[in-house]
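I opened the model to look up strand pairing and charged side-chain contacts. My entries follow.

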Amino acid sequence: AADELKFGALPVGVQKQLTFSFSNNSTNTIYRFEWDTEELPEISFSPSVGHLQPGASKEIVATIMATAPMSRDALPVAVKVWPISYPDGSKDWDDSMKDIEWV
């Protein structure tokens, strides 16, 4: 299905990453998103929180690593999404962005 990531079989202690696109199909609404992985310490997303502009997509990297043997056919992961607005114009942001200051 379009909303599933299939990591396949993984040995304990081996990290695997999958990349997918996360899109905002609206024409005028900016959304803030945040992946809810509190109950699933073996999986993470980068960026894990950010803003998605109207008509834009972001590349998301999902990383999984089992620290103990486990058997899971599915890991339900929720993403919280809500509309936001910028008081001083629109600007893209997510937690993978870094500011570099040269001194």
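I count two strands as paired if DSSP finds at least two bridges between them. Helices (H or I, at least four residues) and strands (E, at least two) are DSSP runs, numbered from the N terminus. The model is predicted, so I noted that local features need pLDDT of at least 70 and side-chain atom pairs pLDDT 80 or more, while totals for chains, interfaces and linings use all residues. Residues are numbered from 1 along each chain as its sequence is written, and side-chain values use heavy atoms, without hydrogens and water.

Entry: I looked up the strand order and found 4-2-6, an open sheet of three strands with antiparallel pairing. Strand 4 (49-52) and strand 6 (78-84) are the edges, each pairing on one side only. I then followed strand 2 (residues 30-36), which pairs with strand 6 in the antiparallel sense over seven bridges. Opposite Asp36 I found Ala78 of strand 6.

Entry: salt bridges. I took a side-chain nitrogen of Lys or Arg within 4 Å of a carboxyl oxygen of Asp or Glu. The whole structure gave me two. Lys58 and Asp92 meet at 3.1 Å, N to O. Lys58 lies in strand 5 (residues 57-65) and Asp92 in the segment after strand 6, so this pair ties together parts 34 residues apart in sequence. Lys58 also bridges to Asp94, with the closest N and O atoms 2.8 Å apart. Asp94 is in the segment after strand 6 too, 36 residues from Lys58. Through shared partners, Lys58, Asp92 and Asp94 form one network.

Entry: accessibility. My cut-offs were under 20% relative accessible area for buried, over 50% for exposed, and partly exposed in between (1.4 Å probe, protein chains only). Lys58 is buried at 7%, and Asp94 is buried at 5%. Asp92 is partly exposed at 37%.
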